[in-house]
Amino acid sequence: MIGSDRSSRKGILLRQATIRVVTITLAMVATIALMVVWFQHISMDKAAHKNMASLEQFYTGKLILQEQEWQEAIITLHNRIELLNLFKSSDIDWEKVKKSLLQEATALYPVILITDANHRILLTQTTSTAPSLSEHFIANKKSGWFENPSSGMLYRWITQPLWLGTGGSGQLIVFIPIENSLLFRHALPFTDLFVLYHDRVVASSLGNTASLHPKEIEAETFWKENNRLDQRLVPWNPETQDFPRLLIRHHSEPIFTLSEITLLGIMMFVMLSALFWKTLGLWLVELTRRITTLGWVAQEFSTDHRLTPAIQEALASAREGGNDEVTVVANAMTHAQESIAKELQERKIAQATLQRISSHNQLLLDAAGEGIYGLNKEGQTTFINPAAARMIHWEPNELIGRSLHGIVHHTRPDNTPYPHEECRIDAAIREGKIQRVSNEIFWRKDNTCFPVEYTSTPIVDEGEILGAVVVFHDISARILAEKQAQHYLIFQRVINGLYEISYSHVPLQEQLEKALDFILAVPWLAIHAQGAIFLNHPETATLQRIVHKGLEPELLALCQQLPHGYCLCGRAALSKTIIHAHCIDERHDILFNGMKPHGHYSVPILSGETVLGVLTLYLQPDKTSTQEEESLLLAICNTLGSMIERKKLEESLQHYALFLEEKVQERTSELQKHIATLKNTQNQLIQSERMAALGGLVAGISHEIKTPVGTSFTAVTYLETEIVKLQAIYQQGGLKREELEHYLSNIQEATQLIKANLNRASELILSFKQVAVDQTSQEKREFDLGEYLKETVFTLRPQLKLTRHQVIIECPDKILLNGFPGALSQIISNFIINSLHYAFVDHEPGTITIQAGLKEDHSVFLHYRDNGRGMDEETLKRIYEPFFTTNRNQGGSGLGMHIVYNLVTQRLNGTIECFSTPGQGTHFQILFPP
């Protein structure tokens with residue numbers, strides 16, 4: 001009985017154990033099945049979110065690259081248009097422009113517009129599907145997107161400034177269509193793309209633009225035809241308010257459909273609920289709770305890596321079951337998580353610091369305008385910034401890990417190979433020293449080169465050279481600017497030198513010889529040290545060689561005199577245009593045996609339409625002409641023409657001055673005879689002195705007035721020539737507005753020049769006339785003291801400008817006197833002449849100071865000072881005596897200071913005092929009533 005009871009109990013226990021094992025096994029199988037399905041959907045959900053995040057990042061980069069491609073496309077189109085040289089003048093051939101735009105147009109930009117600064121459409125090139133645009137739309141639509149209401153197509157609007165030549169600045173505008181083919185090119189498998197503009201589909205990678213349901217656009221995840229659809233909206237260009245959006249849709253196909261998963265879940269839930277509650281009961285529920293708690297703790301800790309109060313409370317709850325395995329695991333997790341949390345926090349701080357530094361360095365590299373790349377100690381590229389890649393036309397990923405010497409630095413500026421062992425960039429790694437170079441070149445991917453300036457700096461860590469960092473930039477613009485500045489400086493030096501020569505007091509032939517030396521010294525014309533200047537003889541229609549340099553004896557004999565139209569020089573004189581020859585051709589009428597190959601510039605020297613001569617220069621064989629050189633030579637010949645005209649005018653004025661001097665000498669001779677007969681009459685001697693001063697005044701007039709009169713004559717001659725040309729064109733009926741404006745501008749400039757010089761001559765004549773009248777009439781009148789002192793000193797300009805002395809006048813404005821200005825003028829004149837003849841005898845630069853003004857009692861004071869050699873005491877005592885002079889051997893009369901004394905004391909009713917010390921100059925003080 002006892003054995004049977006044990007057997008039955010054992011069987012019961014065995015059946016119970018079997019039932020429990022089977023139940024647990026079934027429960028585990030069902031649980032595993034449910035967990036597989038559940039994990040499948042969880043993993044699909046995470047994968048979908050991850051894929052959408054990757055797709056969003058991928059297409060955001062694609063949109064940025066697309067914008068860059070469009071910007072580069074319009075810049076390329078802009079450069080091609082400017083390379084066509086279509087906008088160099090105001091007469092633009094718009095048909096030629098349109099033809100060129102049609103050749104440049106592609107499917108990328110079927111709509112191309114050119115507008116002026118006022119947004120008026122100057123030219124349009126469109127296809128049949130292009131939108132119709134108005135000037136009002138262009139003026140108000142600055143940039144962004146445009147939807148064609150007729151076709152429903154969306155266009156990207158991009159503008160680029162464009163120089164229109166003399167027409168000013170304008171804009172180049174392109175419309176780029178957003179088409180289905182654009183999205184189809186970028187679509188990935190299981191991915192659909194839609195472009196939404198104002199909540200309407202304008203392009204689709206599916207090949208149609210059917211509208212989406214609004215709910216589908218608003219939902220990020222939904223099911224359609226048993227497919228899970230995840231989608232994101234990405235702005236095309238978030239920098240503007242009005243922009244389209246890109247809708248990205250990703251397809252996911254699950255193993256089980258949603259209905260199958262629902263039915264299976266319900267069945268398993270009913271079965272497992274009954275089995276679990278029947279067999280395992282609350283123990284399994286509690287165990288599951290504790291295990292779930294540990295799982296939540298692990299998940300939370302893996303997410304945040306912090307031992308929060310919620311995690312600590314959950315661990316305490318998991319340990320409530322007793323000293324079982326779950327409790328041990330909970331205790332172990334508590335200790336492990338405490339140490340891990342501390343270590344992870346420290347690591348997180350270090351990683352954040354490192355990431356921040358790395359991101360900052362990358363931003364600096366990307367923002368740098370110079371090219372920057374790094375090398376390891378083997379010379380291989382470790383990084384390269386975008387600026388460097390753009391300059392050498394390579395992609396950065398194409399250069400990483402490669403040596404750049406054989407790619408961009410393989411050849412020297414003189415086209416000789418550049419050995420790698422001589423490279424100064426790699427020398428920084430070899431020698432450990434900074435290398436700075438500013439005269440080498442880098443080569444682009446298209447085998448073109450550009451000048452660079454670079455610095456190669458070694459990277460050293462604890463004494464070990466790890467590599468180098470190279471910083472370079474393109475110096476093409478700087479070299480071009482320096483070259484242009486050098487050309488402009490040389491041009492200015494030549495023109496300034498020619499003007500300086502033209503104002504020198506030497507014969508015309510000597511001026512032309514110096515001018516020819518200046519011209520032949522220009523280095524960038526590639527001229528031989530050979531040339532000549534011919535002057536025209538209009539009576540015989542021939543050219544006479546005046547000066548030359550470096551010509552062969554045969555040429556000196558054959559080119560002494562040339563008729564118009566003969567050889568290159570004669571043709572230049574006849575046609576009045578520049579003649580250029582790059583070799584000895586059929587236009588060379590003068591030939592001889594042994595003539596060396598050469599080229600020629602024959603430039604006419606013109607004054608209006610009158611040929612004054614020809615400048616001929618010898619060139620290297622096959623030397624081509626440039627617009628810059630011809631402009632320089634025309635300017636040089638215009639200066640030579642002014643020099644020749646000026647010299648001829650000076651010669652005519654000199655003859656006239658000699659005539660006046662002869663007349664003055666005749667009258668002076670008669671006056672001297674008269675003085676000899678009235679030698680004992682002091683008043684007659686004083687009058688003679690005044691007449692002599694008046695004669696010097698007349699000579700000064702002739703000398704000073706010749707320059708403005710001569711310039712006015714030249715301008716009148718040029719003005720007459722321009723008017724004749726204008727009249728001829730008008731009579732022929734071919735007068736254009738541009739030609740009329742050109743002639744009016746030239747006439748206006750000539751008129752202003754004549755007016756300025758005649759005003760100058762008028763001022764000279766009025767100044768000399770007023771002073772001469774005052775000195776001869778001695779009438780009383782009202783005058784401005786300061787202005788009259790300046791006019792008096794101005795009349796002595798012919799004597800002063802031959803010296804290096806300086807006259808300073810210090811007098812307040814608006815001091816009006818009613819007196820005898822002639823007496824004051826004669827006093828100042830005698831003072832200055834005495835200083836020139838006696839005080840500054842050693843020809844050292846001196847200073848004369850004239851101070852005038854009113855005292856408190858309204859009397860007038862006049863102080864005259866010079867810093868000359870001064871006078872001794874004996875001379876100072878006799879200075880006012882008549883006929884006393886220390887310079888009688890040089891023509892001094894001894895009456896100058898006697899006349900000054902009489903004028904001050906008798907005419908002005910004033911007083912005069914003189915202070916002087918040898919070597920310290922002389923000081924006169926004059927005081928007289930107003």
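In the predicted model, strands β25 (residues 847-854) and β26 (residues 860-866) form an antiparallel pair with 7 bridges. Two of the facing positions can be named. Gly-853 has Phe-861 of β26 as its bridge partner. Ile-848 lies opposite Asp-866, also in β26. The hairpin made by β25 and β26 has 5 residues between its strands. Among the residues of this hairpin, His-858 adopts a positive phi near 70°.

Strand β25 also pairs with β23, here in the parallel sense and over 5 bridges. In this pairing, Gln-806 stands opposite Thr-847 of β25.

These strands belong to an open sheet of 5 strands. The strand order is β23-β25-β26-β28-β27, and the pairing is mixed. Strands β23 (806-810) and β27 (911-916) are the edges, each pairing on one side only. From one strand to the next, the twist averages 10°. Helix α21 (residues 785-795) packs on the sheet. Its contacts are with β23, β25 and β26, and its direction makes about 155° with that of β25. Helix α25 (residues 896-907) packs on the sheet as well. Helix α25 touches β27 and β28 (922-928), and the angle between its direction and that of β27 is about 140°.

A helix pair was examined next. The axes of α14 (residues 476-502) and α15 (residues 508-520) come within 10 Å. They cross at roughly 170°. Angles over 145 degrees count as roughly antiparallel, and α14 and α15 are therefore roughly antiparallel to each other. On the α14 side, the contact is made by Arg-493, Val-494, Gly-497, Leu-498, Ile-501 and Ser-502. Their counterparts in α15 are Gln-511, Lys-514, Ala-515 and Phe-518. By class, this contact of α14 with α15 holds 5 nonpolar, 3 polar and 2 charged residues. An α-helix has 3.6 residues a turn, so residues three or four places apart point the same way.

Helix α17 (residues 567-575) was considered for burial. Its buried residues are Cys-567, Leu-568, Cys-569, Gly-570, Ala-572 and Ala-573. Just after α17, Lys-576 has a positive phi of about 60°.

Conventions:
Residues are numbered from 1 along each chain as its sequence is written. This is a predicted model: local features need pLDDT of at least 70, side-chain atom pairs count only at pLDDT 80 or more; totals for chains, interfaces and linings use all residues. Side-chain values use heavy atoms; hydrogens and water are left out. Two strands pair if DSSP finds at least two bridges between them. Helices (H or I, at least four residues) and strands (E, at least two) are DSSP runs, numbered from the N terminus. Axes are lines fitted to C-alpha atoms, for helices over the stretch in contact, and angles run from 0 to 180 degrees between N-to-C directions. Contact means heavy atoms within 4.5 Å. Buried means under 20% relative accessible area, exposed over 50%, partly exposed in between (1.4 Å probe, protein chains only). Angles under 35 degrees count as roughly parallel, over 145 as roughly antiparallel, 65 to 115 as roughly perpendicular and the rest as oblique. Ala, Val, Leu, Ile, Met, Phe, Trp, Tyr, Cys and Pro count as nonpolar, Asp, Glu, Lys and Arg as charged, and the others, Gly among them, as polar.
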